[in-house]
Amino acid sequence: MKVYISVDMEGIGGVVRPIQVQAGTSEYTVACRWMEREVCAYILGAFEAGATEVWVKDAHGSGANMDWEAFPHLVHFVTGRTRPIRFPGLDESFSALFLVGYHAKAGTPNAVLDHTWSSVNDTRFLINEVEVGEIAVDALIGGAFGVPTALVSGDDKTALEAQALLGNVETVITKTAVTREGAICLPQSEVLARAQAGAIRAIERTRKGNFKPYQVELPFTFAMSYLDREKGRIAQASFGTGVREALCEVLGQG
């Protein structure tokens with residue numbers, strides 16, 4: 001069983017402020033270590049539950065936030081800028097997609113560091129005129145390969161968004177959001193324990209067929225807009241074929 005883990009940073013335990021996710025600061029360096037430890041807990045849980053191969057994609061910013069040496073030698077590590085390809089190596093041979101350290105979509109009340117793709121330009125995504133966040137887009141890319149999203153982790157608002165979108169997806173709550181830059185954080189040991197246990201449950205449930213790929217009936221419309229008209233643009237496209245290629249191309253330009 002092959003598992004693909006996409007890792008963002010805003011939903012990692014202990015991360016609550018913009019400076020923690022911005023390269024070049026001491027706070028960022030510390031948060032990167034937290035990120036690595038949390039991802040390792042998901043890796044260990046996946047292997048413990050019977051995964052035979054695990055891939056990790058650093059999906060935050062430059063894609064160069066974690067060290068290669070931080071992971072077990074069996075892990076395939078996808079790092080650096082890979083646009084327009086969102087998930088290099090992902091294909092129909094994978095059984096599950098994990099979205100780790102994710103955040104709620106832009107405009108979610110009192111969610112930690114909520115945004116969609118860009119926190120600078122206040123980007124918004126819509127699928128069939130319904131606003132969605134990064135969870136939906138990444139789950140849709142997985143679904144285009146027939147790979148179900150089995151697990152989503154982040155703050156409590158992120159978990160609610162994932163459940164509303166994906167139904168019975170396995171969720172791991174790393175902190176309880178209070179404001180956009182504040183949260184009640186669990187002890188790190190508890191976050192790591194939750195992560196490992198969540199990965200085990202997600203793999204066991206995948207084996208039982210509890211998850212279905214997230215897919216949207218074709219054709220569908222995908223709209224992306226920057227609300228700041230002076231800095232941005234409005235991009236819209238309708239896709240009927242080549243779903244994953246078209247999505248990755250548009251997102252790569254954002």
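A residue is termed buried when its relative accessible area is under 20%, exposed when over 50%, and partly exposed in between (1.4 Å probe, protein chains only). Helices (H or I, at least four residues) and strands (E, at least two) are DSSP runs numbered from the N terminus. The structure is a predicted model, in which local features need pLDDT of at least 70 and side-chain atom pairs count only at pLDDT 80 or more, while totals for chains, interfaces and linings use all residues. Residues are numbered from 1 along each chain as its sequence is written, and side-chain values use heavy atoms, with hydrogens and water left out.

Helix α2 spans residues 134-144, and because ten of its eleven residues are buried, the helix is largely enclosed by the rest of the structure. The buried positions of α2 are Glu 134, Ile 135, Ala 136, Val 137, Asp 138, Ala 139, Leu 140, Ile 141, Gly 142 and Gly 143. Just after α2, Gly 146 adopts a positive phi of about 80 degrees.

Strand β5 (residues 123-127) has four of its five residues buried and is therefore largely enclosed by the rest of the structure. Pairing of two strands requires that DSSP find at least two bridges between them. By this criterion, β5 pairs with strand β6 (residues 130-132) in the antiparallel sense, over three bridges. Within this pair, Ile 127 lies opposite Val 130 of β6. Two residues separate the strands of the β5 and β6 hairpin, in which Asn 128 has a positive phi near 50 degrees.

In strand β7 (residues 149-155), seven of the seven residues are buried, so this strand is likewise largely enclosed by the rest of the structure. Strand β4 (residues 96-100) runs parallel to β7 and is joined to it by three bridges; Phe 98 has Leu 151 of β7 as its bridge partner. Strand β8 (residues 170-179) also runs parallel to β7, and five bridges join the two. Leu 151 stands opposite Glu 170 of β8. Together with helix α3 (residues 156-166), β7 and β8 form a right-handed β-α-β unit. A crossover counts as right-handed if, with the strands pointing away from the viewer, the path from the first strand over the helix to the second runs clockwise.

A disulfide is defined as a pair of cysteine sulfur atoms within 2.5 Å, and the structure contains zero disulfides. Cys 32 is buried, with a relative accessible area of 2%, and Cys 40 is buried with a relative accessible area of 18%.
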